[in-house]
Amino acid sequence: MKILVCISCVPDTTSKINFTNNDTDFDTNGVQFVINPNDEFGLTRAMWFKEKNNASIDVINVGEQSNETVLRKALAIGADRAIRIDSKAIDSYQVAKNISNFIKEKSYDLIIAGRESIDYNGSMVPGMISEILNINFITNCVSLEINGSNATAKREMEGGIETLTCELPLIIGGQKGLVEESDLKIPNMRGIMQARQKPLDVIAPDQSEFKTKTHKFFKPEDKKEIKMVDPDNLDKLIDLLHNEAKVI
Amino acid sequence: MSIIAYIESSNREPKKSAYEVISYAKNISEQLSAELIVVAINVDKTNEISNYGPDKIIVVNNQSIKNFNPKIYAEVIYQICIKNSTNHVILGGGADSKFLAPILSIKLDAGYVSNVVGAPSNYEPFTVKRTSFSNKSFCDVSISSKNKIISISSNSFEKKKIRSNPEIIEFDAEIPDSKITQASVDLSKGNISIADADIVVSAGRGMKGPENWHLIENLASTLNAATACSKPVSDLGWRPHSEHVGQTGKPVATNLYIAIGISGAIQHLAGVSSSKVKVVINNDPEAPFFKAADYGIVGDAFEVVPKLNEKLKAFKAENN
């Protein structure tokens, strides 16, 4: 079984978000980049298939050279090979097109992406790839089992969970549940040493067309001062919620 | 030229989010003098839709697509777009809409922007505001392609009633075969989903253990609210993952968010920042959540929550 895991490189979840160049770019100063959490759940699930089914794992990213540190981490966790498409990511369409072009000639059985990245939160790339390549697609995926050429996946929907079955190849948008938080692996020294020897191929982008463009970032307005209510005067809270906030 | 508002349904009725989506699309249709078409799949009750000003309602009722399937639904909407020379498709932020939208964007060769929180600020180029960095910031995004898809966040656009007398058309779609089979569905019992709720009652490790959650559930039941939890609580297995709110869990954009025993890690605050009013109950006055909330109570949840519940019950009894 051949697996491809799509990796976004995103600011660590604890990062303070600031902007630069007249608010047109994310300020990377002092920010640590990590594997997008939803992608890391997927990569960890892929490792499980590697151990059980002897699957091979490639990881792919569309981005600039600075992303290679994060790709090396994916190799240290256990991926066999990394591919970086050497292009600044402009929008989901451009990213999806380039990854699709890469996949086209290969015979991946399973492509794992995250439900969304935690920086741009588009929820777009895996769905677009599935349509460009005409392969099955399941997002918000919280469980995945493979049996031969068949997949059984659970999708979190509004108000419940549905179990879906289909044939491979399949692309998923994964999230927590694929594996648990406690299953995530911190690379050990041996993994880190091995990762240095593993292939990290840089390939030229196939095309650079994009359809959307981000112009300017804004930070949320400062929150107005909190109103404190005495725990012995809960009528006051109900009064504020009813008459001032008008939410009950 | 036409604009399509695709609305989600449940139990053959439009979902609550539908009217926000239609109002958003109505605004664009007025600006562009384009026809507004509401597309509803598996919906019988279309009366209320007419209160939001569409020119046409296209309904697709077909037994073979009673279960949501993103590829098939995207194909059906695509067929309607082609027939009606549609350039703009507006959808809500529900799980199903966001499942099908990227597929539709490839079919239509359209630029697609998700998590949109305001009306277009410009039409040349077409520019909208969306959230980014998991609600820690916003950004302006323009679409350069002729066809455009917008998915709007819930509770981000004012519904506006404009009575119209739309033509209702049954659309006979060509339904492709599904390659994915629904084996089973496990619906969460009797609970209101976080996405549908006007009020969410959420609790954290301060509740000390899953056995104390009846306090949270009782309060939620009084307020007709959904229950949610912080990341550590779902990681510990006290509550299901589907209740986990925050950057790697669910975002919450509700009218009232009540956080009980949640200190307010930056990831959690990001996930709930789009909620309109936030109330924090915590025994630690230094909890970071107090800096991000509208109303706060420093106190022991085990005393405050039952008392608040009794008082709210009395309030509800009086006001209903």
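Mentor: Two strands are said to pair if DSSP finds at least two bridges between them; helices (H or I, at least four residues) and strands (E, at least two) are DSSP runs, numbered from the N terminus. The model is a predicted one, in which local features need pLDDT of at least 70 and side-chain atom pairs count only at pLDDT 80 or more, while totals for chains, interfaces and linings use all residues. Residues are numbered from 1 along each chain as its sequence is written, and chains are lettered from A and ligands numbered from 1 in the order in which they are written.

Strand E11(A) and strand E13 (residues 180-187) of chain B run antiparallel and are joined by seven bridges. Within E13(B), Val185(B) is the bridge partner of Glu162(A).

The chains also share an open sheet of six strands, paired in parallel, in the order E15(A)-E18(B)-E17(B)-E16(B)-E14(B)-E15(B). Strand E15 (227-228) of chain A and strand E15 (226-229) of chain B each have a single partner strand, so one side of each is left without a neighbour in the sheet. E15(A) pairs in the parallel sense with strand E18 (residues 295-298) of chain B over two bridges, and Gly296(B) in E18(B) is the bridge partner of Met228(A).

Taking the two chains together, 60 residues of chain A are in contact with 70 residues of chain B, contact meaning that the C-beta atoms, placed from the backbone, lie within 7 Å. Among the elements of chain A that give two or more residues to the side touching chain B are strand E9 (136-147), E15 and helix H6 (234-244).
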